[in-house]
Amino acid sequence: MQLPVPSFPTEMPANLPPSQKKEWELLQKYLAAGKDAYDKGVFQRSIEVYEKLQEVIPREPHSAKGLALSYEGAGRWKDACKVWDKVITMNLPPGDHLVNYAIALQKTGQTEKAFAMVKDVLKEIDPKPEFKALAHDMKVRLGYLYADEPEDGARQAAGALFSSVLQETDQKHIQAMIGYTTLMFKFGKQKEAMQGTVNLIVQHYEHKEIRAHFTWLARETPNAAETIMEILPMKNNDGATAYAYLAVVLKDQGAVADAIKLYDVACKCITNNASYVLNYSHALSVECRYWESVEVALTFCRNNPDRKVSVNNGDYVLTCKEFLDACSNVCEGRDAEKWLRGSEAIAFAESGKKCVWKNGFGLVDANEEEEIIEVKSCKKGTYAMDELDVIAVWFSVVKNLFTMGCLASLPPLLQILDPLRRGQELHQTLIRNEQAYFAVIAQLAETLTIPVPNPGNTLYVCGDSHSLSPSWRTINIKGTEHLMVNSLVTGLKCWHLRKDAHFYPKYNFLNVVERIPKNSKVMMTVGEIDCREGILVAVEKGRYKDIEEGMNTIITIYIDNLLKLQKEKNFEIYVHPALPVLDVTRKQVITFNDLLGKALAEHPKVKACKKIHWLDFYQDLLTEDNKFKKDYDYDGTHICPSYLKLVQEAFDAL
């Protein structure tokens, strides 16, 4: 549901005495503060402001409505209902508050009360012309109430209501169209449902509720991409552009396979759009189709060999042809093993070259003294957006090759790509995520052994970007050496793993763990991004009363998923703590780790299964005053692989 905006009077009533003028001005100040917080999505703050006003002026309608809307924004529907109950007693003129009251009643299961209220309102306002828009909204709410009933007759009544509102509004009532197309789908008319929804999203591309409805319909419709392409046949480049835009929406909300089909058509039609290629590559990676992701990038380079990126007007220039040459035969046979410890890895070891990091990546003769190596940066320039997209496409190849273990393929790529990054502050651009992965992989290359040892046993490292530092190295578990194999899930939060989530990292996670064989040992590293981005925002939005409540909520989600994985695949799971690298979030990370460790120790199902273990070492990363130890500092976000000695000690202590 798109949230309405709280309102308040802006003109002072005439003939107010001086004392009341001051009160009115103070009221305006607080109402404006509440609306400002609400508009920014900081519902906890708007709730505080409106609650304070209600304490002082209990029957002030604007603050009461603002409070109810703020509760709705925070997802606190029961609290919203209580306030709407109070608002109704104020005998206000018919308005939008009645629509929101109906929504809150339905959300809290008070169906009979909602039916009665909506019907009473419609009796009062329909067909009065001054209430025409409100009548449309209330009919739609009545339609949603009928649609939730199990009887076919009720659903037919809902369809009639939605249809009548659409006719009266020239098909422009968004909620009516969403309700109508949902019913069409439930009645088995999938193409008609998709037709109406595609028309809707084309007209209102940024509307969050329409985007959510579109992706829900796509996830539930077999061969959704084919249906979309039948509805929107591609006659020219505009069609390809439409496919690419729709694919972004589909990928983000979990309809990844359909997004890939649309991207494929779009990229074959428009072969020079690096942004489309980048998104196509990302979508393939979500499904763990890494080789295909690399091939998409290389195909772009073949189609655009003269496409170039220039640093500071020519200080350094790299073309697609040069990048393609550096990739050489990397995709030949799609054989990661030869780049990990096979023929190509052996050839690199025998080449006499080694990777170094001195404020940048260098590939030098192995017998060269590191002290004389100087990696220079180009002067800061300004990249055009299409150049940034090309860089991101190239960086994505490095990320995919690392994930697959094609380590010997990386040095020549790192050597030609790193000058594009040095001194250019790419972390402040739209490709900051791609550059972050590239930069940490370039640093890790210095300490990786190529060919990688083959101890015969595997520990899969599954999680966010903190899974990179341990990967492709060995660790001893109960006297047996294990190779730590990367199982990256880009951007994963604990919050993404909840049952009703559809954001693409959840599907990436499901695809990644599906590839891990049953009975495997798995080290999970999840939670740091929750502490960095999720929890504080959720508290500000009023979803939780404080940080600890929010953390306990996501920890419950996390542990439930660990238990499910352990049961379904018989994994031996080792829970890696969130890493307290960043100064600004270290306090939250420490709290998260303490709560997670406690929850794992006390959870009866975890204790019963005996196959989920807490690696309790994060305190050893910190000084006495909770600063991050410099020995383990790397790029300011990730951790130096030397910390693995602490991980080893934690394994030894189990």
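This is a predicted model: local features need pLDDT of at least 70, side-chain atom pairs count only at pLDDT 80 or more; totals for chains, interfaces and linings use all residues.
Student: What is the chain built from in terms of helices and strands?

Tutor: You get 28 helices and 10 strands. Buried residues come to 54% of the 654. Of the contacts between residues at least 6 apart in sequence, 66% link residues at least 24 apart.

Student: Why is Lys478 called exposed?

Tutor: The cut-off for exposed is over 50% relative accessible area. Lys478 has 72%, so it counts as exposed. You'll find Lys478 in the loop between strand E6 (474-477) and strand E7 (480-488). Its phi is near 55°, which is positive in a residue other than glycine.

Student: And why does Asn570 get called partly exposed?

Tutor: Partly exposed is what's left between the buried limit of 20% and the exposed limit of 50%. Asn570 has 31%, so it lands in that middle class. Asn570 also has a positive phi of about 55° without being a glycine, and its loop runs between helix H25 (547-569) and strand E9 (572-575).

Student: What makes the bond from Asp126 to Pro127 cis?

Tutor: Look at omega: it is near 15° there, and the bond is classed as cis. Pro127 belongs to the loop between helix H6 (111-125) and helix H7 (132-147). A cis bond also joins Ile450 and Pro451, with omega about 0°. Pro451 is in the loop between helix H22 (432-444) and strand E5 (458-463).

Student: Why does a set of residues get called a nonpolar core?

Tutor: Its members have to be buried residues of the listed nonpolar types, joined through side-chain atoms within 4.5 Å. The largest such set here has 161 residues, and Phe323, Trp394, Leu401 and Leu417 have the most contacts inside it. Helix H20 (residues 385-404) gives the most to this core, with 12 residues. Apart from it lies another core of 41 residues, including Leu27, Leu53, Val118 and Ala135.

Student: What does Leu401 touch, leaving out residues up to four places away in sequence?

Tutor: Its contacts are Trp291, Val294, Val330, Cys406, Ser409, Leu410 and Leu413.

Student: How do you know that the lining of the largest cavity has no polar and no charged residues?

Tutor: Go through the lining: Cys355, Leu407, Leu410, Pro411, Leu414, Ala445, Leu448 and Ile450. Cys, Leu, Pro, Ala and Ile each count as nonpolar, so the class totals are 8 nonpolar, no polar and no charged. Helix H21 (residues 410-421) supplies the largest share of that lining, 3 residues.

Conventions. Residues are numbered from 1 along each chain as its sequence is written. Side-chain values use heavy atoms; hydrogens and water are left out. Helices (H or I, at least four residues) and strands (E, at least two) are DSSP runs, numbered from the N terminus. Buried means under 20% relative accessible area, exposed over 50%, partly exposed in between (1.4 Å probe, protein chains only). Contact means heavy atoms within 4.5 Å. On a 1 Å grid over the protein atoms alone, a cavity is a set of points where a 1.4 Å probe fits but cannot get out, and a pocket is an open set with protein on both sides within 12 Å along at least five of seven lines; lining residues have an atom within 4 Å of a point.
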